[in-house]
Amino acid sequence: MPESSFPTLRITREDLVPQGAFAVAQAQYLRPDRRTVDDLAKLCRDRSIGVVAHFYMDAELQGVLTACDWPHIQIADSLKMADAAVKMAEAGMKTIVVLGVDFMSENVRAVLDAAGHEAVEVYRVAEAEIGCSLAESAEKPAYTQWLEEAGRTPRALHVVYINTSLQTKAKAHSLVPTITCTSSNVVQTILQADAQIDGVEVFYGPDTYMGHNLQTMFAQFTQLSDDAIRAIHPAHDRASIAALLDRFHPFEHGACVVHHMFGGDVVRRVKEEHAGAFHTAHLEVPGEMFELAVKAQSEGRGVVGSTSNILGFIADKVAASLGTPERERLSFVLGTEAGMVTAIVKKVQDQLRAAHDDTVEVEIVFPVASEAIAQAPESGLEIIPGVASGEGCSVAGGCATCPYMKMNHLDALFDVLETVGTDAERGLSGFRPKKYTATIAGRTAADLGSEPILHMRHFQKHGVLPDALVQDVLTR
Ligand code: SF4
């Protein structure tokens with residue numbers, strides 16, 4: 001098999017074989033220091049602390065969290081993070097520490113409050129704001145103008161990606177009825193809205209790549225048979241999807257800096273060097289990378305969707321190969337943030353160990369430009385992912401690590417854990433998610449901004465949009 005010009009990580013039952021400096025750095029953190037892991041577990045256990053972290057945390061942090069045997073640690077996508085926090089609160093955790101960007105901790109806070117766990121503390125691990133380029137694009141005047149236009153459109157529903165602040169959600173909801181979505185549920189949310197609200201005009205934002213990818217996906221649905229479409233959503237067929245496409249309006253000026261980096265050159269090399277691999281892509285990635293994965297998906301060689309969908313796809317392919325007598329290498333191009341690799345390693349090795357399988361090995365290909373790697377002698381590693389400017393991304397194409405997520409540091413996590421339950425805990429007030437006490441349309445931004453999240457949770461639980469939201473769309 002020819003060597004990849006991209007970094008790769010081969011995962012076997014008991015070993016990790018990195019190729020390329022980026023992968024070497026990732027792999028080193030996947031074997032964390034045992035004492036650090038034990039200290040973390042003890043602090044959490046002694047102080048009844050749960051930890052929820054996004055899949056995009058850096059490899060060092062995820063390596064330690066994954067090796068920790070405390071059951072109230074969960075690494076997940078943004079939707080499952082809040083669910084996990086509620087379960088931890090129900091199990092008696094008094095504090096939840098959130099490792100992610102600020103909209104994630106705000107989401108966890110809102111969902112805990114709605115579930116009656118107002119007394120459970122929520123902390124981030126930085127006093128500074130942990131922003132997100134995508135969330136910021138929804139705070140610009142262009143987004144407000146677009147929403148005002150939506151507000152003037154009869155039967156408008158704003159489907160807002162969860163990667164936005166509570167303030168944005170509140171302001172949006174005051175202008176046009178709004179429901180939150182994640183990459184795991186966006187397709188079903190839109191299809192269900194169309195099924196429940198005749199002639200609904202769907203305004204989707206702020207992620208432009210995801211908006212265009214959804215358009216591409218719906219257009220592809222119109223090429224399927226009615227039966228195949230009904231398997232995706234029972235209320236739909238070719239005609240209804242075609243009609244929905246005319247009423248689907250993505251916002252045109254919002255992008256995540258990470259997914260923007262899967263540029264044309266990276267895609268060309270993926271096609272040349274890894275045509276036979278499985279291709280995965282997050283719904284947020286730009287067109288070319290997305291189209292590659294969509295094509296692969298239609299041939300059973302790929303998946304597009306959320307981080308959880310990507311992890312599930314890899315696990316399914318591994319499960320299908322277990323027990324084969326001959327050696328087999330399953331190769332996956334990882335079209336999302338590189339932080340996912342920790343969860344992938346854990347999942348794959350758990351599967352191989354449970355099956356006592358030594359014949360299957362998994363290769364993860366990071367479509368990363370070499371310019372996206374910085375020298376960092378003080379770190380003890382020869383290089384770290386991310387360019388030297390500190391931005392963590394390279395215009396050369398494809399660093400695939402989020403500079404905002406990397407504001408969560410292992411040291412800072414320990415500082416917070418060691419402070420919880422001591423007299424110094426008062427000093428953590430700046431680590432709480434923002435309160436948003438200013439009022440919008442007579443309600444606090446926290447209260448109004450939580451409503452689109454609760455609408456999403458209603459849909460998750462009952463499979464239908466809440467009546468109050470449907471009435472709002474029909475009558476506003
Ligand atoms: S990867 Fe980073 S910049 Fe992109 S949407 Fe997520 S948090 Fe925001």
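A: Let us begin with a hairpin, which here joins E1 to E2 through 4 residues. Helices (H or I, at least four residues) and strands (E, at least two) are DSSP runs, numbered from the N terminus, and two strands pair if DSSP finds at least two bridges between them. Strand E1 (residues 8-11) and strand E2 (residues 16-19) run antiparallel and are joined by 4 bridges; the bridge partner of arginine 10 is valine 17 in E2. This is a predicted model, in which local features need pLDDT of at least 70 and side-chain atom pairs count only at pLDDT 80 or more, while totals for chains, interfaces and linings use all residues. Residues are numbered from 1 along each chain as its sequence is written.

Q: What is the mean pLDDT of the protein, and over which residues does pLDDT stay under 50?
A: pLDDT is the predictor's confidence in each residue, from 0 to 100. The mean for the protein is 88, and 91% of its residues reach 70 or more. Over residues 370-399 pLDDT stays under 50, and for these residues the model has 73 contacts beyond four places in sequence, two residues being in contact if their C-beta atoms, placed from the backbone, lie within 7 Å.

Q: Which strands form the open sheet with mixed pairing, and in what order?
A: Strands of a sheet pair through backbone hydrogen bonds, either parallel or antiparallel. The open sheet with mixed pairing has 6 strands in the order E2-E1-E14-E13-E11-E12, and its edge strands, E2 and strand E12 (302-305), each pair on one side only. Within this sheet, E1 and strand E14 (residues 360-365) pair in the antiparallel sense over 4 bridges, with isoleucine 11 opposite valine 362 in E14.

Q: At what angle do helix H3 and helix H16 pack, and which residues make the contact?
A: Axes are lines fitted to C-alpha atoms, for helices over the stretch in contact, and angles run from 0 to 180 degrees between N-to-C directions. Helix H3 (residues 59-67) and helix H16 (residues 341-354) pack at an angle of about 35°, with their axes 9 Å apart. The contact is made by Ala59, Gln62, Gly63 and Thr66 of H3, together with Val341, Thr342 and Lys346 of H16.

Q: Which peptide bond is cis, and which residue has a positive phi although it is not a glycine?
A: Most residues other than glycine have a negative phi, and most peptide bonds are trans. The peptide bond from glycine 205 to proline 206 is cis, with omega near 0°, and proline 206 has its place in the loop between strand E9 (201-205) and helix H10 (208-221). Arginine 155, which is not a glycine, has a positive phi of about 60° and is found in the loop between helix H7 (141-151) and strand E7 (156-161).
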